Amino acid sequence: MDSLLKHMVDMTGHRDHAMLDISVISAVQELAGAAQARIMSIVSVSGQQYLRARASIEKGCEARLEDVVDGGPGEPLAIHPELISCLAEHRSHAEACGADGMRLLWLPIWFGDKASTCLEIRNDQPFCNDAIHTVSGIVGVYRNFQNLLDYSERDSLTGLLNRKTFDDQMKRMLHSAHEQDLRLPGQMERRQLHGTEKQWLAVVDVDHFKAVNDKFGHLYGDEVLILIANLMQTSFRSQDRVFRFGGEEFVVLLRSTTPENAWKIIERFRTNVENHDFPQVGRVTVSVGFVSINAYESPVVTLGHADQALYYAKSSGRNRACHYDDLVSHGVLKKVTSNDIAEFF
């Protein structure tokens, strides 16, 4: 009971979806004595459904956020017929025996009649009724708290994080970037190993969006924004944070990755939008400006850099991604002076 209460306190103490995911799988793994626990997103790509891991934990190891950079859509839902039946019948859980002999238990996280998240537990022994009952209670607390976070943090149209949550997320990334810059005793080897990894900020703007609204109407314009938000959720990694800033402007915070992977992830999203068939509207493209986050610059300055790169992308043909640091190094953009509030070009 003490362990259960400890996990409940830990879960409800977070104000961040990623850390809440870590807390729930840690609680489930320990209390169910499972070999592995994962929190999965249920996503649709080109009409097919996939499972994409957001966080996982194995017995005897620490929980971790999953880092998916290969562009794959995830694990096909079709290989789990028991889970498909569970979702179709709106059941609370489903069990199966995997090809490796491991027992699997799935618990969809229902919000009304929809489930976009699923908890998956693996063990070498069948799950007893008491374990399922305990895990179901944890899932209930997790669902309720996710609901509270979503209500205060999400944009009502797209379901993405809204602008008022950006400041807090940005502060966390600046703090993380600052910690990476510190040379503390015993951390030299780790810094050398991950020295090329940085945090990134990208600003996304829908090209010619006013023309879409003028020609097709605001209902189709809203549908375009919803579909682009869906493409952002499937194109970026589970640990990245995607925001709708308002209108047709979006912002992405990419957590620790190399410049090469940042390019790859952003280009994957841009081409996914370019290749998507938008009903009635047809072809839609986006322009992107992005920049590495400097722990010693204010969020306003960092956003300004990304905006400058975005402006260059739009003024030089649209449907492209531009890296601020590259533009500066090639003399396309020139810094004149800067302070803690703004930077002028």
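**Labels and their cut-offs**

Biologist: Why does F243 count as buried?

Modeller: F243 has 0% relative accessibility. Buried means under 20% relative accessible area, exposed means over 50%, and partly exposed lies in between (1.4 Å probe, protein chains only). F243 is therefore buried. This is a predicted model, in which local features need pLDDT of at least 70 and side-chain atom pairs count only at pLDDT 80 or more, while totals for chains, interfaces and linings use all residues. Residues are numbered from 1 along each chain as its sequence is written, and side-chain values use heavy atoms, with hydrogens and water left out.

Biologist: What makes F166 and F243 an edge-to-face pair?

Modeller: The structure holds six aromatic pairs. Rings of Phe, Tyr and Trp (its six-membered ring) pair if their centres lie within 6.5 Å; planes under 30 degrees apart count as stacked, over 60 as edge-to-face and the rest as tilted. For F166 and F243 the centres are 5.4 Å apart and the planes stand at 85 degrees, so the pair is edge-to-face. It links distant parts of the chain, 77 residues apart: F166 belongs to helix α5 (residues 166-181) and F243 to strand β9. Helices (H or I, at least four residues) and strands (E, at least two) are DSSP runs, numbered from the N terminus. F166 counts as buried, at 2% relative accessibility.

Biologist: Why is the pair of W200 and F290 called tilted?

Modeller: Their ring centres are 6.0 Å apart and their planes make 55 degrees, so the pair is tilted. W200 is in strand β8 and F290 in strand β11 (residues 286-292), so the pair ties together parts 90 residues apart in sequence. Both W200 and F290 are buried. Elsewhere, ring pairs link F166, F243 and F245 into a cluster.

Biologist: How do you know which strands are at the edge of the sheet?

Modeller: Five strands form an open sheet with mixed pairing, in the order β9-β10-β8-β11-β12. The edge strands are β9 and β12 (321-323), because each pairs on one side only. The twist averages 20 degrees from one strand to the next; axes are lines fitted to C-alpha atoms, for helices over the stretch in contact, and angles run from 0 to 180 degrees between N-to-C directions. Helix α8 (residues 218-235) packs on the sheet, touching β8, β9, β10 and β11, and its direction makes about 0 degrees with that of β10. Helix α9 (residues 259-275) lies across β8, β10, β11 and β12 and runs at about 145 degrees to β10. Contact means heavy atoms within 4.5 Å.

Biologist: How do you know that β8 and β10 pair?

Modeller: Two strands pair if DSSP finds at least two bridges between them. Strand β8 (residues 198-206) and strand β10 (residues 249-257) share seven bridges, in the antiparallel sense, with V203 opposite V251. β8 is also joined to β11 by seven bridges, again antiparallel, and there L201 stands opposite V291. Strand β9 (residues 241-246) runs antiparallel to β10 and is joined to it by five bridges; R241 has L253 as its bridge partner. The hairpin of β9 and β10 has two residues between the strands, and G247 takes a positive phi near 60 degrees there.

Biologist: How do you know that the span of helix α2 agrees with its number of residues?

Modeller: The expected span of a helix is 1.5 Å times one less than its number of residues. The 16 residues of α2 (residues 17-32) should span 22 Å, and the end C-alpha atoms are 22 Å apart, so the two agree. G33 follows α2 and has a positive phi, near 60 degrees.

Biologist: What makes α2 largely enclosed by the rest of the structure?

Modeller: Twelve of its 16 residues are buried, so α2 is largely enclosed. Among them are H17, L20, D21, V24 and V28. Over the chain of 345 residues, 46% count as buried.
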